[in-house]
Every structure is written in C-alpha cells, then in structure tokens.
Amino acid sequence: MEQNEKGSKAYLISIVMVAVLGGLLFGYDTAVISGAEKGLQAFFKEAHDFQYTDFMHGFTSSSALIGCIIGSALSGLFASKLGRKRSLIFAGVCFFLSAWGSMEPETYILPQGKPTWTLLVVFNLYRILGGIGVGMASAICPMYIGEVAPSNIRGMLVSWNQFAIIFGQLVVYFVNLIILGSHANPIYDAVTGVMTNFTDAEWTIVKGWRYMFGSECVPAGLFTILICFVPETPRYLAMSGQDEKALKILVRINGYTQAKHILDEIKSTAAVKTEKLFSYGFMCIFVGIMLSVFQQAVGINAVLYYAPRIFGDMGMTNPMVNTVIMGVVNITFTLVAVFSVEKLGRRPLLICGSIGMAVGSFGVALTFGNPSLSMVCMLSIMVYSASFMFSWGPITWVLIAEIFPNTIRGAAVAIAVAFQWIFNFIVSSSFVPMFNMHLTVGDNFGHWFTYGLYGIICVIAAIFVWKLVPETKGKTLEDMSKLWKKQSK
C-alpha cells in the first residue's frame, strides 16, 4: 500500500528515458549531415547525367527539414487519433528506414555506386522520410513526457528531452569523427566552385558518407523496439474514455491518492473533447508559435548544421575536433537548464539566455575574419551556443509541452512545432547565402550582417518573453486551461 501511495520513481524514469531516445534520434538525424555533406557533395559532383549545383547540395543537405515540417504538422492528427505511443512507434520506423535508405539509396535496384539524377531523388526521399520521423518525435516526445510527469518535476524531465537532442548531436559528431578516421574530406572552394582533394578523399566519397547515415540504424532500431514496452499517456487514455487504464498508470507514477486527484482534474478539463483551436483565445496559440519561431530565428541550427565549415573558415586546423568540443560545451550547459528549470523558472532562463546569445552573436559579427581575434571569435561562438543550450534549447520544448490546455494540446503542439521546422528550414537554407555575401559585396559584410541579424533577433526574443510569456513553473497541465480562459476574457 505504501508503494501505491508513493508511486514509483523508477517506473517514471524508465518510461521517460525510453521517450527521450526519440530526442536523441532527433539530434542524431539532424546533425549527421554535418559530417557527411562534403563526401556526399563530391559523390554527386561526379554525376554525368546532370550537374550537381550548389543549390542542389543546399537542398539535399536540408531536405530532411521538409520531412520535419510534414511530420510535425501531422503529429497532432497522429497523436489524437493513434495515441502518443503508437505515433512514436511510427516515427521510429521512419527513422530506421531512412537511415538504411540513406546509406543504400540504390536499394538493390539502381546501379550500385553510380551517381545519377534518379539516385539523388531517391536519396532525398529517404532523407525526407527520416525528417517525418524527426518532426513527429520533436512534437510528441515532449508531449508524452509532459503528460506522464508530475507537475513538480515536469520541467526537469521535459528538459531531458533537449539534453537527449544535444547528446544525439554530440554522439554523431564522435561517430562521424571515428568513421572518417585517418581518411580525408574533399575540399570545396566556394569562390571557384571547384572540388579538389579527390584522390585523398576517395574512401570518404565512395563509402564514408554511407557509413555515417547508416550508423543511425542502431539507435533507431533500439528506440522502435523499446517504445513498444512503455504505456500510453494517462491523459490520452482519460480523454479516450479509458479511465481504468489511465488510473492504473497514474497510481504507478504518483500513488493512489494523488492519482485520483489528477484523474479528476483531467476529466474536468477534458469534458469537451472537441474544443476549437482558439477556444482559449488567440494569444495562447500566438505565444506557442512565437516561442518556436524565436527558437529557430536566433540562428542556432545554422551553427550546428554547418559547424565544421564555420570552424574551417575561422582557420581552425581540425574543424571536426572543434565541432566535438562545441558539442561537449552544449551538453554541459543543457545540464544547467535540466537542474535549474524548476528552481529558477522558465522565463528567467529564457531572458538570460537571449541576452547571452546576443552578446555572443555580436561578438562573432565583430571578430569573424580577423586572424588576430580568432580566439575571441571562437569564444563568442561558444558563448552564443552555450547560452542557447541553457535557455531556448530546452525551455522552448518545456513550454510547448505544458503551455497548451489538454483539449487543444495535440493540434496546438503540432502547429507550434510545424512553425519551428519551417523557420529551421528558412534559417538553415539562408545561412550560407547570407554568410557568403562578402564574395560579392565586401570582405566581411556577410559575416557581420548574418550574426548581427541573429543578435538583434535575440534582443527581440528577450523582450517577447518579458512581455508575453507566462511563467508555468509548478502549475499542473490542467491549470493551463484556467490561465488562458482568464486571459481570453
């Protein structure tokens, strides 16, 4: 009886750890391109039936983001109709098939190792399939954790999802470094458009990039199997009329007395299952969307996706090693958020992070391209990245998981996360053209314009949080209904 009254933390942690594997795959899938893109570019440069242009490479490098937009947009429908658990199983299958298909896009049908237009199309379709998995996992994993976690530790547990995302990126940085080993990457000259170092990089061009994409099969397969053994969320079960199953899970997590209280609250806010999206007012949806927009508009993923190239342009001797160092810094500062979000609250972390990112961005803008200030530039990049990792990285996911009322959460989260991936695509695809504007306008114009713009957006983000974002620390998910109903009147 004592066990039933206290609940089981071990049970809660075990199912949360399985769910955050989806976050790890999110980070792994989006960052694997950073190590593979040079070999991939050189491979398709050798095609004879078409010319592989820089635009095509930019699209190929970011095509997974198209799938992310699709997956996040569908996540609300899937989460509402199939449930959170089965939707995550579907995402896991997408991850696995994409990893295998990106490694072997010929799929035993097309000529092996021969770059053609058809092969490029097939490769991008597999990357888009993986993106669908990422988009669904990015929306549903924090939703799943938020719906099973007690309110007093919900922020910390959802923050672990962001930790898993960054850890997934760090893991793939290491995996790419190990796969590359003593082999060389091809060298691409952005000015002349000429690819060199073909002889030294032959292994990377033929096999290296394939192994990098294929390595994702391991975590994808593990996630797909393990997610089959976690329960559906009690809130989804209660809203589906399965009160007995919902209570059973709540008892295991919270203990019987608390479980009954939580179930009663869920039922009281879920009395009307078909509430319209704007039932709680425009501001509720607007705040959720803008949290997603600012998380991407500050420019962080342009740094994460193109890290080796950026460090190479800085004159660093081993860009892949610098990328790994940045990954370690990111992990460390994500832990700051994990262990402080319930003490300090969501708003203070977001505001402080915005200010730190602005300082880092302006620092890069002022020092990039100056050899005598290369270390200052490197430190500015680290400050910029670290500030994001203890603020907008994890806290956005925490707020998106908890800020929306139960009856509209599925649809609202889907819309917010879809906007996140749309702006991720915009930022990622616009970074290189903006950054390279110095080739036509002036020596360092593109450098200071790009990071100066990101710095200004960071300042605007801080003002947005200060003025419009409510503090949700310590509030139950059911409290969100009362909060937004009160503001909409």
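This is a predicted model: local features need pLDDT of at least 70, side-chain atom pairs count only at pLDDT 80 or more; totals for chains, interfaces and linings use all residues.
Setting aside neighbours within four places in sequence, I found Phe404 in contact with Cys284, Ile285, Gly288, Arg409, Ala412, Val413, Ala416 and Met480.

From there I looked up the largest nonpolar core, which has 143 residues. Phe404 turns up again among those with the most contacts inside this core, together with Leu291, Trp392 and Phe464. I then checked which element gives the core its largest share: helix H2 (residues 9–45), with 20 residues.

Next, the charged pairs. My search of the whole structure returned five salt bridges.

I noted Asp29 with Arg127 as one of them, the closest N and O atoms being 3.6 Å apart. Asp29 sits in helix H2 and Arg127 in helix H5 (residues 117–148), so to speak distant parts of the chain, 98 residues apart. Both Asp29 and Arg127 are buried.

Glu106 and Arg210 also pair up through their side chains, at 2.7 Å from N to O. I traced Glu106 to the loop between helix H4 (84–103) and H5, and Arg210 to helix H7 (residues 202–214), 104 residues apart. Here too I found both Glu106 and Arg210 buried.

I then came to Glu342 and Arg346, whose closest N and O atoms are 3.2 Å apart in a salt bridge. Arg346 counts as buried because its relative accessible area is 0%, under the 20% cut-off. Glu402 joins Glu342 and Arg346 in a network of salt bridges.

Last, I followed helix H3 (residues 54–81): its 28 residues reach 41 Å from first C-alpha to last, close to the expected 40 Å. H3 bends by about 50° at Ser62. Just after H3, I saw Gly83 with a positive phi of about 95°.

Conventions:
Residues are numbered from 1 along each chain as its sequence is written. Side-chain values use heavy atoms; hydrogens and water are left out. Helices (H or I, at least four residues) and strands (E, at least two) are DSSP runs, numbered from the N terminus. The expected span of a helix is 1.5 Å times one less than its number of residues. The bend at a residue is the angle between axes fitted to the seven residues ending there and the seven starting there. A nonpolar core is a set of buried Ala, Val, Leu, Ile, Met, Phe, Trp, Tyr and Cys residues joined through side-chain atoms within 4.5 Å. Buried means under 20% relative accessible area, exposed over 50%, partly exposed in between (1.4 Å probe, protein chains only). Contact means heavy atoms within 4.5 Å. A salt bridge is a side-chain nitrogen of Lys or Arg within 4 Å of a carboxyl oxygen of Asp or Glu.
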